[in-house]
Amino acid sequence: MEDPGRPERLLDVLERERGAVATSGTSRRGAHIVDPHAGRPAEAVRSVTVVGPDLLWADVYATAAVARGADALDWLATLDGYAGLLVDAAGRVRATPNWPGTRPAAQTRDG
């Protein structure tokens, strides 16, 4: 996955034999996802990558997580079979405990 603030930099690399990976956020298409509570573009999250068994649901969950905001990681952790990596508006990177990449769930990066 690329860093939404610096697309030439990778945040993590996943090796998958099966399943799906979907990313949603603002780095490529701008603020196109609406926060349903505020009625304006969601800005608390730069990107969310979701991995799981089904591409449709990985994509739905990634988009919903961006709309949900900074607390989306807690919600993603409750979804059976899915894991997420979130980059918040400040550039901090966090992952669900079951994240299959090389980045530990507790590791963060300021930037």
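This report covers the fold and the nonpolar cores of a predicted model.

Local features need pLDDT of at least 70, side-chain atom pairs count only at pLDDT 80 or more, and totals for chains, interfaces and linings use all residues. Numbering starts from 1 along each chain as its sequence is written, and side-chain values use heavy atoms, with hydrogens and water left out.

The chain has two helices and six strands, taken as DSSP runs (H or I, at least four residues, for helices; E, at least two, for strands) numbered from the N terminus. Their order from the N terminus is β-β-β-β-α-α-β-β. Of the 111 residues, 40% are buried (under 20% relative accessible area, 1.4 Å probe, protein chains only).

A nonpolar core is a set of buried Ala, Val, Leu, Ile, Met, Phe, Trp, Tyr and Cys residues joined through side-chain atoms within 4.5 Å. The largest one holds 19 residues, of which Val-48, Val-50 and Leu-76 touch the most other members.

H1 gives the most, with six residues. Apart from this core lies another of nine residues, including Leu-11 and Val-87.

Thr-49 lies in strand E4 and is buried, with a relative accessible area of 3%. Its side chain makes a polar contact with the side chain of Thr-23 at 2.7 Å (a pair of N or O atoms within 3.5 Å; within protein, one must be able to donate a hydrogen and the other to accept it, and residues adjacent in sequence count only if both atoms are side-chain atoms).

Definitions and conventions. Buried < 20%, exposed > 50% of the residue type's maximum accessible area, 1.4 Å probe, protein only.
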